[in-house]
Amino acid sequence: MNIETKAIHAGNKIDSDTKAAIQPITLSSTFERGENGDYPGGYIYSRSDNPNRKSLENVVTALENGADACAFATGNAAGMSVFQALEPGSHIIGPDDMYHGLRNQLKLMFKGILTFDFIDLTDIELIFNTIKRETKLIWAETPSNPLLKLCDIEAIAHIAKEHQLIFAVDNTFASPMCQQPISLGADIVMHSTTKYLNGHSDVTGGILVTKEKDSFWEKIKIVQGYGGAVPSPFDCYLVTRGIKTLPYRMRGHVANAQALADFLEAHESVEAVFYPGLKSHPQHDLASKQMLSYGGMLSFLVKGGEDKAKEIVNNLKIFTQATSLGGVESLIEHRYSVEGPDTKTPKNLLRVSVGLEHIDDLISDLESVL
């Protein structure tokens, strides 16, 4: 099946009793056992598994060309399960501009349990030189949040395979419509399902997809089952429903983002624009090689510094000043003010999640404040 067809059908199951064409929400926390104590329906308890969670995991597995998936209550919980599955004393290599939620998770929650180095993953030689005997995981984020840096997935996958390391890629900014890391050699792919997969800013969730059902994946499944940080059946239903329109939504996000990036790059009040679809992006050629399309996220630097950046976000009419991304509505945010003192984000940077409004309205809104 093509990806549009997978998005609609891989997460749906016609109800065997009512023949409902759309899978109903199964809210039951527990399931009846058979006369001999087994579970004839295939489910025991909703923390362990649930029909709606199974459908969500099935469709995201199909979209990412993986072997299996584990859904979680948040993207942070999904990332944390990978770290929890590592043996104490393991060393992690992560990006120097890693999403601050997972970066702080490592620094604050895994201090003394795991060790880590945050480096520039665009430097392949530096990756080689950072690998230690204790290194077990390379964690990549491409495009990165919020600087839209790219790393070469195929090249890092080759390094990871050579050194028998696990290679995980946070694919949230791209979505499976714009990039498929497993097909490029990654072992695990992560998404915050809160973002593009759901697409309507009304659910929080996360998911991991694996290339193989190996022993490390079994550890992650243990973390999911016994840790219990799983999404509710209703949240799974909403994300699965959102995925049905994902291919078509992403085409709109990408088209609007490209047009908005072109407008901003030409504007005299803008210092720089970070969008992989621009030829001025330092890794535009890599983006054209490994991405199916350039995504719906961009960032730009405002002339006039932090005060001017805050003035802009406070006076827009259509863009909402808010955290998060991937919804149908356009969001804009001054990222420095939410990331903490050790962030690499410039003080005059604004991050934009380009929505599905008419592009002329989005450009007019920005033009009025720039």
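Author: **The interface between the two domains**

In this predicted model, 40 residues of domain 1 are in contact with 41 residues of domain 2. The domain assignment places domain 1 at 3–241 and domain 2 at 245–368. Taken over C-alpha atoms, the centres of domain 1 and domain 2 are 26 Å apart.

Between domain 1 and domain 2 an area of about 3,200 Å² is buried, and carbon and sulfur atoms give 59% of that area. On the side of domain 1, the residues that lose the most area to domain 2 are Leu150, Cys178 and Tyr196, which together account for 22% of what that side buries.

Three salt bridges are counted between domain 1 and domain 2. Lys289 forms a salt bridge with Asp152, with the closest N and O atoms 3.9 Å apart. As for secondary structure, α1 (3–9), α4 (100–109) and α6 (153–162) each supply at least two residues of the side of domain 1 that touches domain 2.

An unreviewed UniProt entry carries the annotation "modified residue: N6-(pyridoxal phosphate)lysine" for Lys195. Lys195 is located in the loop between β6 (188–191) and β7 (206–210). Lys195 counts as buried because its relative accessibility is 16%, under the 20% cut-off. Apart from neighbours within four places in sequence, Lys195 is in contact with Thr172, Ser324, Leu325 and Gly326.

Technical notes: Residues are numbered from 1 along each chain as its sequence is written. This is a predicted model: local features need pLDDT of at least 70, side-chain atom pairs count only at pLDDT 80 or more; totals for chains, interfaces and linings use all residues. Side-chain values use heavy atoms; hydrogens and water are left out. UniProt positions are given in the numbering used here, feature names are shortened, and annotations may be inferred rather than shown by experiment. Helices (H or I, at least four residues) and strands (E, at least two) are DSSP runs, numbered from the N terminus. Buried means under 20% relative accessible area, exposed over 50%, partly exposed in between (1.4 Å probe, protein chains only). Contact means heavy atoms within 4.5 Å. Domain bounds come from an automatic or database domain assignment. Buried area is the accessible area (1.4 Å probe) that two parts lose on being put together, summed over both. A salt bridge is a side-chain nitrogen of Lys or Arg within 4 Å of a carboxyl oxygen of Asp or Glu.
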